[in-house]
Amino acid sequence: MLKDTQIKRMFERIAFSYDLQNSVLSMGQDMRWRKVLADSIQAFDGNLVLDMATGTAEVAIEICRRHPRSRVIGIDFSPGMLAIGRRKTRARKLENRIYLSIGDARALPLKSTSFDTVSMAFGIRNIAERREVLSEFHRVLKPGGQLLIMEFGYPEDRLLRKLYKLYFDWILPLIGNWLSRTNYAYTHLVESVRAFPSEEGFLEEIAESGFVDLKVRKLTRGIAQIFSGIRQGGPRHLRSPMA
Ligand SMILES: C[S@@+](CC[C@H](N)C(=O)[O-])C[C@H]1O[C@@H](n2cnc3c(N)ncnc32)[C@H](O)[C@@H]1O
């Protein structure tokens, strides 16, 4: 597993073609997965969403498309990824609804109990200190607020799993490393998915961080999955999110 400084450097390096890498390697499925993630948000007027590890803001943009009155704060520790995200939000005239800022998931520069939803797509497996991150998510969510974490998985069906592993372990790193002009970015992807806890193990970590009503939704036969939970507690109340 790469160290956090190496991971940050890696995203800085691959940012230039990150969106293309995603679409090619997932054969276009990534867009559908982000739509499902955005649709999983409990919508109500003026939802305030934290999209953590927002990268090039694909999830943030999708949330705004599907929830016309929501606002999103997108945080990421890679300035290069955020710069591309900012270009995209400006091009879509979403700068008034999506605010992108630098920050580390392990110590969020945000006030407690200020968000209705926290989303994170394909970010958590890059971070060794998962429990710190989950407890930060718990801290910034309002009581009753919703957590949605999307990550890669493997198909449950044995034959499909074998075939997918052939692609994922051998073909994807070759194409991904070539598209990203590195010799390690997609080798890291494969290793980080392998090192990620089992579904039960991760659900346990989420539960231990104070979330209830836990669910897992499988996408494309389990190649991606959305873990969801609710921050336990009383009524929601609005506060300004920036510390
Ligand atoms: C695979 S990308 C996912 C980007 C985006 N969510 C998407 O769906 O395309 C992972 C992102 O997590 C960010 N990241 C990794 N570790 C982080 C940390 N500790 N704090 C903040 N961002 C982090 C990286 O900079 C990168 O932009």
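The model is predicted, so local features need pLDDT of at least 70 and side-chain atom pairs count only at pLDDT 80 or more, while totals for chains, interfaces and linings use all residues. Residues are numbered from 1 along each chain as its sequence is written, and side-chain values use heavy atoms, with hydrogens and water left out.

**Around the ligand**

- There are 20 residues around the ligand, and Tyr18, Arg34, Ala53, Asp76 and Ala121 come nearest; to be near, a residue needs a heavy atom within 4 Å of the molecule.
- By class, that shell holds 11 nonpolar, 6 polar and 3 charged residues. Here Ala, Val, Leu, Ile, Met, Phe, Trp, Tyr, Cys and Pro count as nonpolar, Asp, Glu, Lys and Arg as charged, and the others, Gly among them, as polar.
- The side chain of Tyr18 has an N or O atom 3.0 Å from an oxygen atom of the ligand.
- On its own the ligand has 600 Å² of accessible area, and the protein covers 98% of it (areas come from the Shrake-Rupley method with a 1.4 Å probe; for residues, only the protein chains shown count as cover).

- Helix α8 runs over residues 185-195, and its buried residues are Ala185, Tyr186, His188, Leu189, Val190, Ser192 and Val193. Buried means under 20% relative accessible area, exposed over 50%, and partly exposed in between (1.4 Å probe, protein chains only).
- Helices (H or I, at least four residues) and strands (E, at least two) are DSSP runs, numbered from the N terminus.
- Those buried α8 residues pack against α1 (4-14), α2 (18-25), β5 (141-152) and α7 (158-179).
- Asn177 lies in helix α7 and is buried, at 10% relative accessible area.
- Beyond four places in sequence, the contacts of Asn177 include Leu172, Tyr184 and Tyr186 (contact means heavy atoms within 4.5 Å).

**Aromatic pairs**

- Rings of Phe, Tyr and Trp (its six-membered ring) pair if their centres lie within 6.5 Å; planes under 30 degrees apart count as stacked, over 60 as edge-to-face and the rest as tilted.
- The count by this rule is 10 aromatic pairs.
- Tyr154 and Phe168 make an edge-to-face pair, 6.0 Å centre to centre with 90 degrees between the planes.
- Tyr154 is in the loop between β5 and α7 and Phe168 in helix α7, so their pair ties together parts 14 residues apart in sequence.
- Tyr154 is buried at 15% relative accessible area, and Phe168 is buried at 1%.
- Ring pairs also link Tyr154, Tyr164, Tyr167 and Phe168 into a cluster.

**Positive phi angles**

- Lys93 isn't a glycine, yet has a positive phi of about 55 degrees. Lys93 sits in the loop between α5 (79-91) and β3 (98-102) and is exposed, at 69% relative accessibility.
- Arg221, also a residue other than glycine, has a positive phi near 60 degrees. Its place is in the loop between β6 (211-219) and β7, and Arg221 is exposed, with a relative accessible area of 64%.

Methods:
A polar contact is a pair of N or O atoms within 3.5 Å; within protein, one must be able to donate a hydrogen and the other to accept it, and residues adjacent in sequence count only if both atoms are side-chain atoms.
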